[in-house]
Structures are given as C-alpha cells and as structure tokens.
Amino acid sequence: MPEPILRKIVSAVEEIYHEGGPRARKPLVRAALLAVLENPFAGRYEPEIAGFMEDLKPLGLRMAKDLVGILGGDASLVAAYGKGAIVGSAGEVEHGALWHVPGGYAMREVLGDAKAIVPSSKKVGAVGARLDIPITHINASYVRGHFDAMEVGVPDGPRADELIVALVMTTGARIHDRSGGLRAEDVKGEDGLR
C-alpha cells in the first residue's frame with residue numbers, strides 16, 4: 001500500500017472550568033488531533049484493505065505524540081482517550097475501521113501501555129460532518145467519571161475521496177463528576193476494566 005497522503009492536520013483544545021457548578025481550580029483539558037488524508041479506496045469496492053492499517057501506524061504514532069505535546073508534553077497527565085474516523089461519501093464505513101489498530105495502539109504505546117481498550121466511533125459523512133468521539137479512562141473502562149465524548153470535525157472535510165482520522169485525550173474526569181461508580185484512584189489496572 002502507498003504511504004498515506006495528508007492534506008492537513010487540525011487540532012482542537014477545550015479548557016473546561018465549570019458546567020454550571022462551582023469553578024474548578026484546575027480545568028479539565030480535552031484535546032483532539034485530526035488528520036485529513038486521501039482515501040485510497042474511494043469510489044470502488046476493494047476486497048483486501050487491511051494492509052492500509054500498517055501504512056497508518058506511523059501517522060497514529062505521530063498524532064499520539066503530538067497530542068501529548070498539545071496537553072503539555074507529560075504523558076502522565078493524560079487520564080482518558082478515544083479515537084474516531086469520518087469517511088468521505090465515496091468511501092465506506094469499513095475504511096474508517098482501519099484506524100482502530102493504528103490509532104488505538106499508538107496512544108496506548110505513547111501513554112505507557114495503557115490497559116483499557118480505546119473507545120471508537122466512525123461514520124460516512126459529507127464535507128463538514130461532525131463526530132462524537134467516546135472517551136474512557138486509559139486503564140479502566142469502568143471509571144464512570146471519565147465517560148465522556150468530544151465532538152470533532154473539519155469545516156472543509158472530508159471531501160468525497162478523503163478520510164478524517166482523529167485521536168482525543170483528556171486530563172481527567174468530567175468537571176463535575178458525581179455519578180458514583182469506580183473512582184480513578186481505586187483502579188487496579190489489571191484487565192483494562194477495573
């Protein structure tokens with residue numbers, strides 16, 4: 001497979017101080033990095049596409065490292081993550097599924113072998129489509145306070161023959177987390193769940 005052909009990379013950062021409750025001394029920071037690239041399978045059905053995952057691995061690693069940099073450069077500050085893809089209208093949702101391995105494993109590697117599966121969403125969309133990327137704790141998917149989502153998109157993408165692949169990382173739980181359940185400080189980190 002050919003090396004991915006990038007058109008642009010877009011970043012977004014949110015600092016959340018409150019959601020109607022008391023103002024936090026330290027904001028929750030959510031950041032996303034999106035790459036807009038050519039979809040090599042656009043406009044046709046291709047039976048063998050899995051090889052493109054290998055081609056996407058360097059991009060995944062670059063994006064994961066850059067996203068940690070956006071959050072201050074210290075991987076230990078990252079508490080939650082997610083990934084997603086928007087496929088342009090000449091593609092199929094399966095093309096977005098090719099981001100699972102390169103995006104997920106890259107973040108887990110950069111964050112020191114995080115234990116929890118990286119949640120994901122994907123869809124086919126027109127130019128300007130938005131995607132809600134689910135977010136969970138990096139070591140325990142059952143940490144309820146870290147269940148979140150970040151809406152992402154690129155105003156001029158994806159074009160019909162493009163893919164947008166995205167990674168999201170956050171520095172903590174929702175700003176007014178009080179829904180109970182497993183707390184981050186109680187994570188055992190043995191199985192990615194608890």
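How many aromatic pairs does a search of the whole structure find? The search finds one. The model on screen is a predicted one, and this tour starts at that pair.

**Stop 1: the aromatic pair**

Select Phe-41 and Phe-52. Their rings form an edge-to-face pair, with 5.7 Å from centre to centre and 90 degrees between the planes. Phe-41 belongs to the loop between β2 and α1, while Phe-52 is in helix α1, so the pair ties together parts that are eleven residues apart in sequence. Are these two residues buried or exposed? Both Phe-41 and Phe-52 are buried.

**Stop 2: the largest nonpolar core**

Next, select Leu-37, Met-63, Tyr-81, Val-165 and Met-169. In the largest nonpolar core, which has 33 residues, these five touch the most other members. Colour the elements β2 (28–38), α1 (51–70), β3 (80–87), α3 (100–110) and β7 (162–170) to see what gives two or more residues to this core. Which of the elements gives the largest share? It is α1, with seven residues.

Keep Met-63 selected and show what surrounds it. Leaving aside neighbours within four places in sequence, Met-63 is in contact with Leu-33, Leu-34, Ala-35, Trp-99, Val-165, Ala-166 and Leu-167. Another core, of 15 residues, lies apart from the largest one; among its members are Leu-34, Ile-86, Val-152 and Val-168.

**Stop 3: helix α3**

Move to α3 and pick out Pro-102, Gly-103, Gly-104, Ala-106, Met-107 and Val-110, which are the buried residues of this helix. What covers them? The cover includes α1, β3 and β7.

The charged end of Arg-108 sits over the ring of Tyr-105, 5.7 Å from the ring centre. After α3 comes Gly-112, with a positive phi near 85 degrees. For comparison, most residues other than glycine have a negative phi.

**Stop 4: Ser-121**

Select Ser-121 in strand β4, which runs over residues 120–124. Why does Ser-121 count as buried? Its relative accessible area is 15%, and buried means under 20%. What does the side chain of Ser-121 reach at 2.8 Å? It reaches the backbone oxygen of Asp-132. Beyond four places in sequence, Ser-121 touches Lys-83, Gly-84, Ala-85, Leu-131, Asp-132, Ile-133 and Pro-134.

**Stop 5: salt bridges**

Side chains of opposite charge can pair when their charged atoms come close. A search of the whole structure finds twelve salt bridges; a few are visited here.

Begin with Glu-54 and Lys-57, whose closest N and O atoms are 3.1 Å apart in a salt bridge. Both are in helix α1, and because they are three residues apart, about one helical turn separates them. Lys-57 is partly exposed, at 35% relative accessibility.

Then select Arg-130 and Glu-151, whose side chains meet in a salt bridge at 3.5 Å, N to O. Arg-130 is in strand β5 (residues 130–137) and Glu-151 in strand β6 (residues 148–153), so this pair ties together parts that are 21 residues apart in sequence. Arg-130 is partly exposed at 39% relative accessibility, and Glu-151 is partly exposed at 44%.

Now go to Asp-177 and Arg-183. The closest N and O atoms of this salt bridge are 2.8 Å apart.

**Stop 6: a cis peptide bond**

The peptide bond from Gly-157 to Pro-158 is cis, with omega near 0 degrees. Most peptide bonds are trans. Where is Pro-158? Pro-158 is in the loop between β6 and β7.

Conventions. Residues are numbered from 1 along each chain as its sequence is written. This is a predicted model: local features need pLDDT of at least 70, side-chain atom pairs count only at pLDDT 80 or more; totals for chains, interfaces and linings use all residues. Side-chain values use heavy atoms; hydrogens and water are left out. Helices (H or I, at least four residues) and strands (E, at least two) are DSSP runs, numbered from the N terminus. Buried means under 20% relative accessible area, exposed over 50%, partly exposed in between (1.4 Å probe, protein chains only). A polar contact is a pair of N or O atoms within 3.5 Å; within protein, one must be able to donate a hydrogen and the other to accept it, and residues adjacent in sequence count only if both atoms are side-chain atoms. Contact means heavy atoms within 4.5 Å. A nonpolar core is a set of buried Ala, Val, Leu, Ile, Met, Phe, Trp, Tyr and Cys residues joined through side-chain atoms within 4.5 Å. Rings of Phe, Tyr and Trp (its six-membered ring) pair if their centres lie within 6.5 Å; planes under 30 degrees apart count as stacked, over 60 as edge-to-face and the rest as tilted. A charge sits over a ring if NZ of Lys or CZ of Arg is within 6 Å of the ring centre and within 35 degrees of the ring normal. A salt bridge is a side-chain nitrogen of Lys or Arg within 4 Å of a carboxyl oxygen of Asp or Glu.
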